[in-house]
Amino acid sequence: MPAKPSLDKVCWQWAETTDPENVTLEHVRTAYRLNLSVCKLGSCKRQCKGNPYCINCIGEKVWFGKIEDSSWHDVQDPLEECRKAGMSTGLKNLGATCYVNTFLQLWFNNETIRKGVYEWREAGFSEEQIDTWEPTSVCSHLQVIFGLLELSRRRYVDPSEFIKHLGLDAGLQQDAQEFSKLFLSVLEQNLMEGASLSFSNYGNVIKEQFCGKYAYVTRCSKCATASERLSEFYELDLNIQGQKTLAEALKGFLEVEKLDGDNQYMCNTCNAKQDATRAIELKSLPPVLNLQLLRFVFDLKTGSKKKLNSCIQFPDILDMTEFMQSDTAAIYDLSAVLIHGGPSAYSGHYVAHIKGKDSQAWYKFNDEDVEKIKGKNLQLGSEEDLESKKQKTARTPKGHHSSKNAYMLVYTRRKNLEPNNHSSELVESVPHAADELAGGSCLNDVTGDAPPTSDLNLNKNCCNSQVTKQEKRSQIEGKSAGDDHQKEEKTRIKNNEALEDTETSVAETTVSASAMLPKYVLRYVEKDNEKFQNWINELHKMRDENIAKGQEKQETVKAIYQDLPYTLEDQNKYEWLPMSWFSKWLNDPATAPEVDVKKFLCSHQKVCPDLSIKMKCVSQHGANQLFDIYGGNLRLQGDESLCEKCVQNKCHLIRTKKRLTEDDKFILAAMKTDFSSEKLYWVGKSSFRSWKRLAIEQLNLEEEKHAKERGKSVSQSNSDEENEDASGRNKSGGDSDSNDVNTCKRYESKFNDNNLKQSRKAVENYFGNKRDVRKAVSPVKAFSDSTMNSVDHESVSVGQSKSEPNFATSDRDDKIGENLQFNEDILCEEHSGLHPDASSRKLIPESVWLKLKRYFPGSPEYDWGSEPCSKCQASLAVENMCKEENRQLAAAQKACLLDLFHDRRRPTNVAAGDIIYLVNAEFVDYWRKFVRDPVKCEPIRKIVNESLLCEHEGFLFPPLEMEKPKCDSKVVCVTADEWQTMTDLFDVDFDIRMVNIVENGKQDIVIFPKVCDDCLQSRLNNEEGEMFEFERGVVYVRKQHKLDQKPVDSYDNTDSNTDDPEFREKSGTARKRAGTGGYDVHDPPEKFLKNQNGIRTIRKSQRHRKTKGEKEISISSKNTLKELKLEIMKLFSIPPFDQNLYVDGRLLDGNDLSLCDLKVVSGSVIDLIADEPNEEISFLEDFTKESGVPESGFKGTNLLSA
C-alpha cells in the first residue's frame, strides 16, 4: 500500500487533465479511493490509513487475543481481606487510635491476661439473649475484641464499638502512657467484680501480672534510723533526659537524694532536724515488668508537651538483681517494645513489636498490618525515623538495641524464676484461626463453658477438610485439558483451600478460646464470621457474573467485527463509518455512543471527499448489526453517499492551482524581460507580491458562499494548501515610543493653537536682521492661504500633520489584508481614485496584466497614462509643504534654545538680583519631541503653567533647595535670556520665577507667585499615599546573615558595579568607573554626561539591579506582612516565625498589618535575616499543636467516669 501522500496524489491525479464538467462516477470513486484493493482480515501488519476498505489494526487484536479474567471486573480479591495462615489479626485504625491498638495487641498476647478476660462472666445473662447479645461493659467489649483477634477470619478487626464505649475521640491522639494507666485501673476493677460472680482464679490477674512494690526510704545521717513508706507500682516511669542507656535510667530512678540545709529531715529519733538521705528501694518485682520511658515531658517555658528524641540503649536480657535489696535473682527477657514515630508529642504513629513464645520470633503490629520479622532478633527498622543521619550515635553493643522512639519496654521474668504457678510469658502471635462455630455444637450452657470434646471436633474437621481437598484436586486433574472452565475451577478450589487453611489452623493454637469464652461471645464471633463469609460469597458471585458478561461481550464483538469487511461480491452494498467511532467501540463496547456521521458531511449532506480519509467502508450487513445495537440517525450507504459536486469543485481548485503555478512562472519570466514596447498597467506592490494567495482565498470564499446559500458551512480542508506568499505581507510598524505619543497627545490638548503666524513672527522678531525666517516659510504660507481652508485643523491628532489625509504613504505596502481585494492598494481611501504616491505601485506589461485579470476580473484597472486623484494630489502637496514648514520651524526653535534642548547649563545658583524662571516640564518634553521629529509632532503654540498652580493660584512645586535649585520633575529651570526667547516664540499663561532679593545686606529667595503651603502639603500627602498604594508591585528580597551594613536603598544605584553583571567584561574583570580612577573607553558616549567643569561622569541607571541570590516577589500593598512571609517561605524555605524583615534598616513588625500600613513601596529591597534553627527537632511541637485549645486529656471519657 503506498504512503498517504502518494495516495492523495494518485487519487486526484486525473483532475489535472479533466474538466470539472466531464467528471464521471469512476472519477468520483477514484477520489474517494474506492478503486483500491480490499484488505482481508489479518492480512495487514498495520492499518492502511489511505484504504477505506482496510479495517485491520484498529484495536481488534485485544478482542481476538486472550483476555485475563481480572480485566472483566474491578472486584477486589476477598482473600486479601482474609487472615493468612500463620499470621495474627490486626486492628483497624479509626483515625488516631493507633495508640489504643498497640496496647490491645500487647495485652492480648499476654496469655495470663487473655485467660483472665476470657473467664470473666457478665451478671444477669439469660439464654434467650444469646442471639441478640451486645457488649455493654469494658470487660465484655474486651472479650469481643480478644475473641475476634483469636477466632476471626478477617485480616483485621474493627474496634469501633470498643472505642465508642470508652468515650474516646477517634480523631484525637491521646497520651499513650496515660491511657495504659487509666485502662488497666478500670480493667482491674471490672475483672474483680466479675471474678466474685464466677469464682475465677484470675480475678486479680492485672495485679498478679504487673504489680510490684517499692519503698520510699528516708535515712537519718546521724542516727541511721530509716523511715519506709511502701507503695505499689504497675510500671516504672524512667526519666531518659540526659541518659544514654536503660541501666543509667534505672540508676537515676533509684538515685539517693541528700536532704540538708533548708531541706533537712525531721528525725523522730533525734527529735530534731538532721541531714538525711532519701531514695527508692525496690522490694518486689512483677512477672511482667513495664518500663515507661518518659519521652513526653512538659516544657515550662512553652507551657506544652514536647517529645525527647534522644537515643537510648536497652538490652535483650535485663538483670534486675543489682537493683534489688535482696539477693533474689531477677532475670528478665525483652518481650515487647512500643514505638512512637514522629517528632511531636501531639502527632505521630504508634507501632508495637512483640516477641513470640515458642519460635522466639518477633512480630510487628502496625494497626491492620501484622508482619513477622525475619530472623530471631528484634529489628526496629524504619520506625526509628533516622531523619538526622548526620548526627553520630554511639555504637550499639551486641545483645542491645538502640532507639529514638521507643516509649515503653516490656520485660518478662524467666519461667524457671517464677515464684508462683501462673505463666506470665507472652504467647506467640501465630495462627489463632476461627473455629467451626456453625450449629452451636460447642455452646453448652449459660455460663459459656464449652464441652471438653470441642478440640476433638476441631481435629476431626481438620482431617475432613484435608480429605475434601484431595478429592477436589483429583476431580480437577481428571478433567480434559481443553475444558475452558478448568482454570476457573482450579482458582476457586485454591481460594477455598486458603479459607480452609485459615479454619483448620485453630488446631495449632496454644489456648482454646472456645473452651473459655462465654457462649454469647462465641455466638457474637460466629455471626461476624458468617457475615464476613457472606461478603466473600457475594464478591465471588459478583466477580463470576462480571466474567461471564465480559466473555459474552468478547464473543459478540468478535462476531460483529468478522461481519464488517467489505467484499467485491457486495458491490454497491457498502456503508461509511467513522474511524473515531470504531476506536470508541473497540475500546469499550459498553460505553460506545450512537453512530454519528454528521461532522463528516459536506454541504450537500454527503460524504466530504477530504474527510473520507477518516472513515472506513464496511459491509451493510455488519453495519446493520452496529446500528441495531447502538443506533444512529443518518446512514451513508453505497454510491449515493458520494458527492459529485464536491469532487467537481475540488477538481476545479486543483486545475486552478496548476494554472497558478504555470502563470507564476510566466509572470516571473516576463518581469525579467524588457517590456517597454508593451502597454503598461499599474498594480499595487503588495497585491503583486501576494496575488497567488489572494487567488486561492478567492476560490475558498466562493466555495463558502455556495455553502452558505445552502445553509451549511463547509469544513476548512485546505489548511495545508499553498501559502508561501503569505510571508510577503509587511506588518504595519507602530510607534516605537507609545508612552511618548501618549504624553504628546495629552499635552497637545492643552497647547494646540491654530495660529501658526505667531511662532513665525516671534522667531523673526528675535533674530532681526540676523536671519530672514519669513523667507524660509513664506512659500508655505502662500500655498496655505489658498488651500488650508478645506482642511480640518482641529481634528488632527498628535504625530499627524493637519493637512495630512487619512492615508499614509509609508503604510501603503501594509494594506493588503483579508478585507482588501486585489489591486485596491493603489487607490486612495477617500475618493477611490489612483493614489498619487507612485512608491506604492509598479508597472507591469499587458501580458502579465491579462494573466492577473483572469483571476481578478473586477479589480481596479489603470494604465500608465491614467491621472492620479486630483484631490489627493492637492492634499499631498499641502502635507509636504506643512512638513517642510514644521522642519524649518523646529530647526529655528532648536537654534534659539539649544541648551534647553540638550538639557545642559541649567541654572544652579540664584545670585543676588538674578531671576530664574520655572516652566512646565510637560511642555519642555513635548517641545523636544517636536524638534526631534517635526513631521509626526505638531508645533507647540503656548506654554501652559496652569497645572503648576493650585486653585488659589499658589505655586505647588517649589525646588528642593532654594540656593541651588534642584527642581521637581514637574518643572524645568530656565535662565532669563531663555525665558525671553520663549516668550517671543510661544504664548504664556502664567509667569513663574525665582528672584534673589537683597534687602539690608540680606539675601532672600522669593518665588512668584508665592507657594501655597496648605495646598503643597496636601499634594505631598496625596503623592505619599499613592506611593504606598499599588496593586501589582514588586519587592526584592535579599537574604543576609546579619544586619551589619548600611541598608540598601531600592532607588540608590550608586556605584553598584561590584555586583552588576552589566559592568563586567566577559573575562570576569570589573570595568573602571569614573569614581575609581577612569572610565572604560569602550563605553558608548550616551553613558556619559558633562557637568559645568566639563568632567565626564557616568549616567546612573534608574532600573533596579538584582544581586546574586536576590528573589523578586509580585505583591499588592493590600497584602499583609504574614502573606509576604508565606511567599518568602516558598522561595527561601524559611518558616515565617524565623523571618526578620528589614527595609532601610527598619524592622517590619505586625503580621496583620498591610504593606501600605508598614510604608513599604513597590521596588523596595527587603533584607531577610533568618533565626538560627534549633538543633532539637522538638521545636516543631510549638507549631503542630493547636493554639488556643486547652489540653483536656481523657476528661469526659469512661476511663475517668468509671
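A disulfide is defined here as a pair of cysteine sulfur atoms within 2.5 Å. The structure is a predicted model, in which local features need pLDDT of at least 70, side-chain atom pairs count only at pLDDT 80 or more, and totals for chains, interfaces and linings use all residues. Residues are numbered from 1 along each chain as its sequence is written, and side-chain values use heavy atoms, with hydrogens and water left out.

By the sulfur rule, the count is 0 disulfides. The sulfur of C54 lies 3.8 Å from the closest cysteine sulfur, that of C48, which is too far for a bond. C1012 is in no disulfide either; its nearest cysteine sulfur belongs to C1015, 3.4 Å away. Buried means under 20% relative accessible area, exposed over 50%, and partly exposed in between (1.4 Å probe, protein chains only). C54 has 0% relative accessibility and therefore counts as buried. C1012, at 15%, is buried as well.

Aromatic contacts were searched next. Rings of Phe, Tyr and Trp (its six-membered ring) pair if their centres lie within 6.5 Å; planes under 30 degrees apart count as stacked, over 60 as edge-to-face and the rest as tilted. The whole structure holds 34 aromatic pairs. One of them joins Y53 and Y566, with centres 5.1 Å apart and planes at 15°, so this pair is stacked. Y53 sits in the loop between α2 (25-31) and α3, and Y566 in the loop between α14 and β21, so the pair ties together parts 513 residues apart in sequence. Both Y53 and Y566 are buried. W63 and W72 form a tilted pair, 6.2 Å centre to centre with 45° between the planes. Both tryptophans, W63 and W72, are buried. Ring pairs also link Y99, F103, W107, F162, F179, F183, Y350, Y407 and F1194 into a cluster.

Helices (H or I, at least four residues) and strands (E, at least two) are DSSP runs, numbered from the N terminus. Helix α15 spans residues 579-587, and its buried residues are M579, W581, F582, W585 and L586. Seen down the axis of α15, these fall within an arc of 150°, so they line one face of the helix. The arc is that of the directions from the helix axis to the C-beta atoms. Contact means heavy atoms within 4.5 Å. The cover over the buried residues of α15 includes α3 (61-64), α14 (519-562), β21 (574-578), β22 (615-619) and α16 (620-630).

Two strands pair if DSSP finds at least two bridges between them. Strand β23 (residues 680-684) runs antiparallel to β24, joined by 5 bridges. W682 has L843 in β24 as its bridge partner. Axes are lines fitted to C-alpha atoms, for helices over the stretch in contact, and angles run from 0 to 180 degrees between N-to-C directions.

Another open sheet has 5 strands in the order β35-β32-β38-β36-β37, with mixed pairing. Here β35 (1111-1115) and β37 (1146-1147) stand at the edges, each with a single partner strand. Strand β32 (residues 1033-1040) pairs with β35 in the antiparallel sense over 5 bridges. G1033 is opposite I1115 in β35. Helix α29 (residues 1121-1132) packs on the sheet and touches β32, β35, β36 (1139-1143) and β38 (1165-1170). The direction of α29 makes about 145° with that of β35.
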